Amino acid sequence: MTDLTATADSHICLDAREAFLKTVIRKAADRALEGFNQRIAGQFDTKGPQDFLTETDLAVEDLIRREIAQSFPDDAILGEEGGGTPGEATWIIDPIDGTANFARGVPHFCVIIAFCLKGRCELGAIAHPVLDQTYLVRRGKGVTKNGQKIRVTRTRDMSMACVEMGWSRRHPIEGYLNTQRSILELGANVRRGGSGGLALAYVAEGSSDGYLEVSMNSWDCVAGLLMVEEAGGRVGTWPATLEDLTQTGPVLAFTPALAPDLADAAFDGLALKPVAEGML
């Protein structure tokens, strides 16, 4: 399945990669579910405090890497476990997002694959293996869940809003607590599920009204951020460059009517894209 339409002037065939993505996300989700069902309780390693690693993380990423290398050998790959250097055409992989849940037997985790051109996400897939749910997005073409178009909520009343917050040990706890307090004082409910990828997909489908996290890796969020944009929501300004894909940065994703107030209540330094860029 080598892409014969890629040329020296960098016209990449997105149709071929979109078809490939639909196939490989299914294979990866099946492998993740197999690992979840066969796991031994309490058997996992840690990369750092509250940073878990399981055999399935490695197996799923290895599967995806092999498939990409066979179909698009010239594309770069950046993965959570295997690293890599992004290039003009780059696949980004999070084999198990929500590994702490996975490791403890909580069925709330996902597989994330994104394809970026010059640092901008063009295609994305998020699969929830346990619930057999797959979210797919292509820039300019909208976002689907199991083949059905999805949209963000039309919530306008903060007292009816539900917002999810991620947490990072890379930043002081006080900032997290202050932001949580500010959002609660606005009247919104705050929750945390432990998978940033699913949290963004839930904003895109209207299960949540917003998600924010002060520091995420690109493999956790680029697919989900594109989903929120394509579903009519507003997102933050990061990531914006090819170099950003190798860094961590702040993430915002909100339903439009609540976005300005929620962004003001968020961590210092978080900003929304201008409406012309961030909304359809």
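This is a predicted model: local features need pLDDT of at least 70, side-chain atom pairs count only at pLDDT 80 or more; totals for chains, interfaces and linings use all residues.

Colleague: Okay, what does N101 touch, leaving out residues up to four places away in sequence?

Modeller: V106, H108, G193 and G194. N101 itself sits in helix α3, which covers residues 99–103.

Colleague: Is N101 buried or exposed?

Modeller: Buried, because its relative accessibility is 13% and the cut-off for buried is under 20%.

Colleague: And how far is N101 from S195 in space?

Modeller: 8.2 Å, C-alpha to C-alpha, although 94 residues separate N101 and S195 in sequence.

Colleague: Switching topic: which residues have the most contacts inside the largest nonpolar core?

Modeller: I92, I126, L200 and V251, in a core of 36 residues. Elements giving two or more residues to this core include β5, β6, α5 and β14. The biggest contributor is α6, with eight residues.

Colleague: What's V251 in contact with, beyond its neighbours in sequence?

Modeller: Leaving aside anything within four places, its contacts include L200, Y211, M216, W238 and L270. There's also another core, apart from that one, with 29 residues, I25 and F109 among them.

Colleague: How many cavities of 30 Å³ or more are there?

Modeller: One. The largest cavity holds about 40 Å³ of space, and its lining includes W167, H171, Y176 and F267.

Colleague: How does that lining divide into nonpolar, polar and charged?

Modeller: Six nonpolar, three polar and no charged residues.

Methods. Residues are numbered from 1 along each chain as its sequence is written. Side-chain values use heavy atoms; hydrogens and water are left out. On a 1 Å grid over the protein atoms alone, a cavity is a set of points where a 1.4 Å probe fits but cannot get out, and a pocket is an open set with protein on both sides within 12 Å along at least five of seven lines; lining residues have an atom within 4 Å of a point. Grid points are joined across faces, edges and corners, and a volume is the space filled by probe spheres set on the points. Ala, Val, Leu, Ile, Met, Phe, Trp, Tyr, Cys and Pro count as nonpolar, Asp, Glu, Lys and Arg as charged, and the others, Gly among them, as polar. Helices (H or I, at least four residues) and strands (E, at least two) are DSSP runs, numbered from the N terminus. Buried means under 20% relative accessible area, exposed over 50%, partly exposed in between (1.4 Å probe, protein chains only). Contact means heavy atoms within 4.5 Å. A nonpolar core is a set of buried Ala, Val, Leu, Ile, Met, Phe, Trp, Tyr and Cys residues joined through side-chain atoms within 4.5 Å.
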